[in-house]
Amino acid sequence: MMECQTDFAVEEKMEIERLKMHKEILLEDIEKLKNQIENVMADIQGFKSAEDKEEMNLQILKAFVDLHEFSHLNLVQALRQFLWSFRLPGEAQKIDRMMEAFATRYCNCNPGVFQSTDTCYILSFAIIMLNTSLHNPNVKDKTTLERFISMNRGINNGSDLPDDLLTNLYNSIHNEPFKIPEDDGNDLTHTFFNPDREGWLLKLGTSLTRSLSLFLSLSGNCTTVHAFISDGSSITQKLNL
């Protein structure tokens with residue numbers, strides 16, 4: 001009888017040890033889980049801070065653009081005013097956002113001129129490229145009025161803009177180039193207005209209703225690609241070669 005009690009006591013001790021080990025493992029797992037939760041919460045807070053900062057930057061951009069009064073100005077006149085008021089940043093994404101903000105403001109000031117802000121946005125880039133073509137001595141193949149009109153076919157939500165509107169915009173740039181604040185040549189402004197080479201490429205899609213126009217600006221080892229898709233969307237990207 002005494003031997004059975006002794007064996008039972010040994011089993012109890014072993015079970016107690018196993019429970020202790022299991023408890024230690026659980027505590028370690030709990031500690032790891034707490035650390036993971038803290039890291040996740042830190043990431044969430046970081047994302048929130050980044051979103052808050054991005055939202056604040058967008059609000060500042062909107063406030064800056066809203067300071068401009070574009071009413072009763074044609075698009076070239078509005079672009080002259082806008083591009084002279086600041087230096088374009090060196091990141092393509094930032095330029096894209098600033099041009100989107102410009103297009104929104106111009107359309108708000110001049111309702112009915114374009115069917116959508118996308119039309120204004122695309123035409124604004126086309127005008128900037130026209131300025132480069134006509135006034136950069138490195139560009140030998142100057143864009144003609146006919147080519148400029150042809151390049152902008154169908155950008156007004158699938159419809160064509162009036163030829164007289166495009167002609168007036170073309171003549172304005174032909175007679176007087178854009179004036180921009182001085183730059184050091186290290187940002188995208190230099191590539192925009194002073195490329196070594198530039199030109200259009202047209203890529204037709206599998207459907208006749210969709211095409212891709214690419215405008216390439218090359219300056220030194222930097223290439224800026226502006227992609228205009230027939231559905232009204234566009235992409236701008238700076239590439240270092």
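Predicted model: local features only at pLDDT ≥ 70, side-chain atom pairs only at ≥ 80, totals over all residues.
1. Val 40 is partly exposed, at 46% relative accessibility; the term covers values between buried (under 20% relative accessible area) and exposed (over 50%), with a 1.4 Å probe and protein chains only. Val 40 is placed in helix H1. Together with Leu 33, Ile 37, Met 41 and Ile 44, Val 40 makes a nonpolar surface patch of about 470 Å². Such patches are made of residues with over 30% relative accessible area and no salt bridge; nonpolar side chains (Val, Leu, Ile, Met, Phe, Trp, Tyr) are joined within 5 Å, and like charges within 9 Å.

2. Residues are numbered from 1 along each chain as its sequence is written, and side-chain values use heavy atoms, with hydrogens and water left out.

3. The protein chain has seven helices and four strands. Helices (H or I, at least four residues) and strands (E, at least two) are DSSP runs, numbered from the N terminus. The order along the sequence is α-α-α-α-α-α-α-β-β-β-β.

4. Of the 241 residues in the protein chain, 34% are buried. The accessible surface of the chain is about 15000 Å², and 56% of that surface belongs to carbon and sulfur atoms. These areas come from the Shrake-Rupley method with a 1.4 Å probe; for residues, only the protein chains shown count as cover. Among contacts (heavy atoms within 4.5 Å) between residues at least 6 apart in sequence, 54% join residues at least 24 apart.

5. The largest nonpolar core has 41 residues, and those with the most contacts inside it are Leu 75, Met 99, Phe 102, Leu 123 and Ile 127. The elements that give two or more residues to this core are H1, H2, H3, H4 (117-135), H5 and H6. Helix H4 gives the most, with eleven residues. A nonpolar core is a set of buried Ala, Val, Leu, Ile, Met, Phe, Trp, Tyr and Cys residues joined through side-chain atoms within 4.5 Å. Leaving aside residues up to four places away in sequence, Phe 102 touches Val 65, Phe 70, Leu 75, Ala 78, Leu 79, Phe 82 and Ser 124.

6. The structure holds ten aromatic pairs. Rings of Phe, Tyr and Trp (its six-membered ring) pair if their centres lie within 6.5 Å; planes under 30 degrees apart count as stacked, over 60 as edge-to-face and the rest as tilted. Phe 64 and Phe 82 form a tilted pair, 6.5 Å centre to centre with 45° between the planes. Phe 64 lies in helix H1 and Phe 82 in helix H2, so this pair ties together parts that are 18 residues apart in sequence. Phe 64 is partly exposed, with a relative accessible area of 26%, whereas Phe 82 is buried, with a value of 0%.

7. Tyr 106 and Phe 114 form a tilted aromatic pair, 6.1 Å centre to centre and 45° between the planes. Tyr 106 is buried at 3% relative accessibility, and Phe 114 is buried at 9%. Ring pairs link Phe 64, Phe 70, Phe 82, Phe 86, Phe 102, Tyr 106 and Phe 114 into a cluster.

8. There are eight salt bridges in the structure, each defined by a side-chain nitrogen of Lys or Arg within 4 Å of a carboxyl oxygen of Asp or Glu. One of them joins Arg 18 and Glu 15, at 2.4 Å from N to O. Both residues lie in helix H1, three residues apart, about one turn of the helix. Arg 18 is partly exposed at 45%, as is Glu 15 at 36%.

9. A further salt bridge joins Arg 105 and Glu 69, with the closest N and O atoms 3.7 Å apart. Arg 105 lies in helix H3 (residues 92-109) and Glu 69 in the loop between H1 and H2, so the pair ties together parts that are 36 residues apart in sequence. Arg 105 is buried, with a relative accessible area of 16%, whereas Glu 69 is partly exposed at 42%. Salt bridges that share partners join Arg 153, Asp 160 and Asp 163 into one network.

10. Lastly, two loop residues deserve a remark. His 72 has a phi near 65°, a positive value in a residue other than glycine. His 72 lies in the loop between helix H1 (2-66) and helix H2 (75-84), and His 72 is exposed, with a relative accessible area of 78%. Asn 157 likewise has a positive phi, near 55°, and is found in the loop between helix H5 (145-151) and helix H6 (163-175).
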